[in-house]
Amino acid sequence: MRIVHTIAELRQALAGATGTAFVPTMGNLHAGHLSLIERARKARGPVVASIFVNRLQFAPHEDFDTYPRTLERDCDLLRAAGCNLVFAPNEAELYPEPQVFKVEPPAALADILEGHFRPGFFTGVCTVVLKLFNCVQPRVAVFGKKDYQQLMVIRRMVQQLALPIDVVAGETMRGEDGLALSSRNGYLDASQRLEAVALSRELSGVRIELRRGRRDWSAMEEAAMQSLAVRGWQPDYVAIRRRTDLGMPTNGDALVVLAAARIGATRLIDNLELDVAV
């Protein structure tokens, strides 16, 4: 596996390559990321992973400065997973001047849910992903379903800009207790880690209620949020939405339930595609 730090080195390493599969990450890798590498290997071309903590998607009060940088460990994991090339630029390499050209995703998709609570987040995500796409020029890009809204925004960007990239979704990886794997799980202390599984359990509870025939969306969402709150969480949202565009459910829709909540100082997100249609 080769590790490069500049765009020039990256392009030289990929010169003449076809069918490149790309997995963008911010590092601090876990088994969920490695499952995306495994999914990328199925494309049967060179597998490239990027490691870059993107300032543009962090609000001033968020954890950009303290986000774990674990490059050596990450590269060891990627090497063992069968990655061929790691692109690990520093900030000056990817943003040699202020990034004043930015990608503004549509408000109807990007200013709801995560975008409502993290204004500008998806502008930062789309801008860095498009820039990384231009650097790597992949045929396939793999994103995890745990960041469900992000996956949808990226897919829409690729479609709208006619990029020759197949965006592939990787399933959410979970611990034995059901907690979705996340780099931010490392912020949890022992008691918070035990409690953190309550988030996925609330999503499973929504699925059970839907299977029983409940369709009072707002009441179900509010009940799940209250259940988290009484356990000491600070919920931002629990939302039952259409899978197609994250709009409110209508007749015949396939559904997903999404949630975000803080336990202590750590904000966790999760989602569950529902095997129930309206």
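I worked from a predicted model. I found an open sheet of six strands in the order β1-β4-β3-β2-β5-β6, with parallel pairing. β1 (2-4) and β6 (166-170) are at the edges with a single partner strand each, so one side of each lacks a neighbour in the sheet. On average, neighbouring strands of this sheet are turned by 25° against each other, direction ignored.

Entry 2, strand β3. I looked up the partners of β3 next. Strand β2 (residues 21-25) pairs with β3 in the parallel sense over five bridges, and A21 is opposite V47 in β3. Strand β4 (residues 85-87) also pairs with β3 in the parallel sense, over three bridges; here A49 stands opposite V86 in β4.

I then checked burial. Five of the five residues of β3 (residues 47-51) are buried, so the strand is largely enclosed by the rest of the structure. V47, A49 and I51 point one way from β3, V48 and S50 the other way.

I noted that the axes of α7 (residues 121-136) and α8 (residues 148-160) come within 11 Å and cross at roughly 55°. The two helices are therefore oblique to each other, and α7 passes α8 in a right-handed crossing. On the α7 side I listed F121, F122, V125, C126, V129, L130 and F133; they meet Q149, Q150, V153, I154, M157 and V158 in α8. By type, the residues of this contact are eleven nonpolar, two polar and no charged.

How values were computed
Residues numbered from 1 in each chain as written. Predicted model: local features only at pLDDT ≥ 70, side-chain atom pairs only at ≥ 80, totals over all residues. Heavy atoms only, no water. Axes fitted to C-alpha atoms, helices over the stretch in contact; angles between N-to-C directions. Helix = DSSP H or I, 4+ residues; strand = E, 2+ residues; numbered from the N terminus. Parallel < 35°, antiparallel > 145°, perpendicular 65-115°, else oblique. Left-handed = near helix turned anticlockwise from the far one by under 90°. Contact = heavy atoms within 4.5 Å. Nonpolar A, V, L, I, M, F, W, Y, C, P; charged D, E, K, R; others polar. Buried < 20%, exposed > 50% of the residue type's maximum accessible area, 1.4 Å probe, protein only. Pairing = 2+ DSSP bridges.
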